[in-house]
Amino acid sequence: MGIPVELFLDTVPEHLICTICQDVLERGTMSGCTEDHPYCLKCVRTWVRQRETCPTCRQPTSRSRLRETQLLRREVGCLRSRCSDNECNWQGEYSDLQAHLDSTCNFHPRPCSNRGCTVLVSALQLPQHLDVACALTLFSCARGGKHCGGPNRGCFTRGAGRAGHDAVCGAYRCPNFNCTTVGTLNVMQAHAPGCAWHLQHAVDLHHSVQALTNELAQARQHILTLEALQHQDAYPHPTIGMEMDAWANKRARNQLPPGGSAARLPMGEVSNGVAVPAAATSTLPAPLP
Ligand SMILES: [Zn+2]
Ligand SMILES: [Zn+2]
Ligand SMILES: [Zn+2]
Ligand SMILES: [Zn+2]
Ligand SMILES: [Zn+2]
Ligand SMILES: [Zn+2]
């Protein structure tokens, strides 16, 4: 019933140990004997109620002669102790421990800061408790509260209150681009799949893809024109020439999609899957001399 010895960093003097519970004196109390033997208040009260003697010297005493002394309490209070929560590294005088537990300890459970909530929670866990778990945390309508007024005026508690808000707040917007429909969350969930703007959005996307495809085809054609010019040495600009060489190298390494001028194929190469014989012309009759 005393204070555990393990809590203290200093060696506890023997006269501050209660011989009934073997812990450090809690509310040190003299038994009323002539030797001033000290015990914890609760320990000696329980003992004297049953036996009416001092537990150490056996002198007769009674409940009315027990004396709690501030001197013993101060002596214990001056001992250095650690926090009663093992995870906490607080150290200080034992007399400051309770204040630490009540205010600055991050690990010791304290009552939730919401009035009426009986949950005990450490300072480290409090934000999460308030945010997610506490049924008494008030939250305000993120949409201004104009459309969910009633007696709550845009303020609701967690839990059932959240669902209650979604049912009465008429300020939810349809998520579809350009759609101006607003209503409660339930109304919006029913509306969104068939929303005209939902379909319009898909049509717009389809048009955008088509336009991009056309632009890409034009760009390809432009590249082919440049290639042809370079091949004929008809384009004298040196930089363009280098770019065209790089392009041709990439194509040779199969890094670019096929395409382009059949005119560039030397005889003997495969064109459209059909081999063109290199000496095709030599089979013709020789011209007359
Ligand atoms: Zn005791
Ligand atoms: Zn005694
Ligand atoms: Zn602590
Ligand atoms: Zn709470
Ligand atoms: Zn609202
Ligand atoms: Zn809509």
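Which residue in E2 does Met-30 stand opposite? Met-30 stands opposite Pro-38. The points below set this pair in its surroundings.

1. Basis of the model. This is a predicted model, in which local features need pLDDT of at least 70 and side-chain atom pairs count only at pLDDT 80 or more, while totals for chains, interfaces and linings use all residues. Residues are numbered from 1 along each chain as its sequence is written, and chains are lettered from A and ligands numbered from 1 in the order in which they are written.

2. Overall content. The protein has eight helices and 13 strands; helices (H or I, at least four residues) and strands (E, at least two) are DSSP runs, numbered from the N terminus. Buried residues make up 11% of its 289 residues. A residue is buried if 20 or more other C-beta atoms lie within 10 Å of its own, exposed if 12 or fewer, and partly exposed in between, with C-beta atoms placed from the backbone. Among the contacts with a separation of 6 or more, 28% join residues 24 or more positions apart; a contact means that the C-beta atoms of two residues, placed from the backbone, lie within 7 Å.

3. The sheet. Three strands form an open sheet in the order E2-E1-E3, with antiparallel pairing. E2 and strand E3 (67-68) stand at the edges with a single partner strand each, so one side of each has no neighbour in the sheet. Strand E1 (residues 28-30) pairs with E2 over three bridges; two strands pair if DSSP finds at least two bridges between them.

4. The helix across the sheet. H1 lies across E1, E2 and E3 and runs at about 100° to E2. Axes are lines fitted to C-alpha atoms, for helices over the stretch in contact, and angles run from 0 to 180 degrees between N-to-C directions.

5. The largest nonpolar core. This core has 13 residues, and the members that touch the most others are Cys-18, Leu-25, Tyr-39, Cys-40, Cys-43, Val-44 and Val-76. The elements giving two or more residues to the core are strand E2 (38-40), helix H1 (41-51) and helix H2 (70-77). H1 gives the most, with three residues. A nonpolar core is a set of buried Ala, Val, Leu, Ile, Met, Phe, Trp, Tyr and Cys residues joined through C-beta atoms within 7 Å. Not counting residues up to four places away in sequence, Leu-25 touches Gly-2, Leu-16, Cys-18, Pro-38, Cys-40, Leu-72 and Val-76.

6. The loop between H1 and E3. Two residues other than glycine deserve a look here. Glu-52 lies in this loop and has a positive phi, near 55°; Glu-52 is partly exposed because 13 C-beta neighbours lie inside 10 Å. Arg-58 lies in the loop between H1 and E3, with a positive phi near 65°. Arg-58 is exposed, because 10 other C-beta atoms are within 10 Å.

7. Asn-106. This residue lies in the loop between helix H3 (97-104) and strand E6 (110-111). With 14 C-beta neighbours inside 10 Å, Asn-106 counts as partly exposed. Leaving aside neighbours within four places in sequence, Asn-106 is in contact with Cys-88, Ser-122, Ala-123 and Leu-124. Cys-88 is 18 residues from Asn-106 in sequence and 7.4 Å from Asn-106 in space, C-alpha to C-alpha.

8. Helix H7. At 1.5 Å a residue, the 36 residues of H7 (residues 196-231) should span 52 Å, which agrees with the 53 Å between its end C-alpha atoms. The expected span is 1.5 Å times one less than the number of residues.
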